[in-house]
Amino acid sequence: MRLDKYLAQSSIGRRKAVRGFIKEEKVKVNGQLEIIPATEIDEFSDTIEYLDEIVEHIGNVYYMFHKPSGCITARSDANDKTVLDYFEEVNTNGLFPVGRLDKDTEGLLFLTNDGEFNHRLMYPDKHVNKTYFFWAFGSLSEEQRHQLEEGITIEEGEPLTKQAKVEVIKSGLFASLKDEIDGDKYEKVKKNRDVQSVVAGYITISEGRKHQVKRMLRAMGCYVIYLKRISIGDVVLDKALEK
């Protein structure tokens, strides 16, 4: 195993950071300074030290996280609570979120120290499906749903969105459905709220453009007031996992 990979899997830091530690002469292999990150070591028999402390190899770790609204998908932030702030009893040095969710979006996130896992799930050429549940002011006709599924332009100069899948499960007036709507983002809509149409459903995409689901629905005249990611690939958010 490469030395930098060993250290990253031991919660010393992310791969890029530990390469710097090695070059800064902070790492020893069997008592000798090692400054080449790509050095091959035997994770079972070699003794690895960082700042003169023996490093215990943990291996790859994977967490399923039910992100609440109000926290941001980042390792640290000066103003807001981050997803990693919920891991108080975990060594988070090498841990990072896979992909991201907007601050006001809830749902499934993975946190890991495995960069290859992140690549397999999140790079556009991998086409991994991600499914979201939404509530939005507005309505979706059968024609609009078909347009979303075939691909639309969400901003001038951007390519068409890739094929998606959209399922509308409920629609009606806000006044009659408001007790079913999660979150409180709808409070921002003051004018004639009760007589406005709302729609709920599921949308599955295989891309990860910024605010993509919100922008796709906005292109159809819908304003998202609640959004939750419920699955990535074949993995579905555990319903028993609290936010």
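**Sheet, pocket and cores in a predicted model**

Four strands make up an open sheet, arranged in the order 2-1-3-4 with antiparallel pairing. Strand 2 (32-33) and strand 4 (53-54) each have a single partner strand and stand at the edges, so one side of each is left without a neighbour in the sheet.

**Sheet pairing**
- Strand 1 (residues 27-29) pairs with strand 2 in the antiparallel sense over two bridges, and within this part of the sheet Val29 stands opposite Gln32 of strand 2.

**Largest pocket**
- The largest pocket holds about 370 Å³ of space, and its lining consists of 25 residues, with Arg100, Tyr132, Gly208, Arg209 and Arg229 lying nearest the centre.
- Helix 3 (115-122), strand 8 (130-137), helix 6 (212-219) and strand 11 (223-232) are the elements that give two or more residues to this lining, and helix 6 contributes the largest share, three residues.
- By residue class, the lining divides into ten nonpolar, seven polar and eight charged residues.

**Nonpolar cores**
- The largest nonpolar core has 28 residues, of which Phe134, Leu140, Leu148, Ile203, Met216 and Leu217 touch the most other members.
- At least two residues of this core come from each of strand 7 (106-112), strand 8, strand 10 (197-205), helix 6 and strand 11.
- When neighbours within four places in sequence are left aside, Met216 is in contact with Leu148, Ile152, Ile154, Thr161, Ala164, Ile203 and Ile205.
- Another core, of 13 residues, lies apart from the largest one and includes Ile12, Val27, Ile41 and Ile48.

Key
Residues are numbered from 1 along each chain as its sequence is written. This is a predicted model: local features need pLDDT of at least 70, side-chain atom pairs count only at pLDDT 80 or more; totals for chains, interfaces and linings use all residues. Side-chain values use heavy atoms; hydrogens and water are left out. Two strands pair if DSSP finds at least two bridges between them. On a 1 Å grid over the protein atoms alone, a cavity is a set of points where a 1.4 Å probe fits but cannot get out, and a pocket is an open set with protein on both sides within 12 Å along at least five of seven lines; lining residues have an atom within 4 Å of a point. Grid points are joined across faces, edges and corners, and a volume is the space filled by probe spheres set on the points. Ala, Val, Leu, Ile, Met, Phe, Trp, Tyr, Cys and Pro count as nonpolar, Asp, Glu, Lys and Arg as charged, and the others, Gly among them, as polar. A nonpolar core is a set of buried Ala, Val, Leu, Ile, Met, Phe, Trp, Tyr and Cys residues joined through side-chain atoms within 4.5 Å. Buried means under 20% relative accessible area, exposed over 50%, partly exposed in between (1.4 Å probe, protein chains only). Contact means heavy atoms within 4.5 Å.
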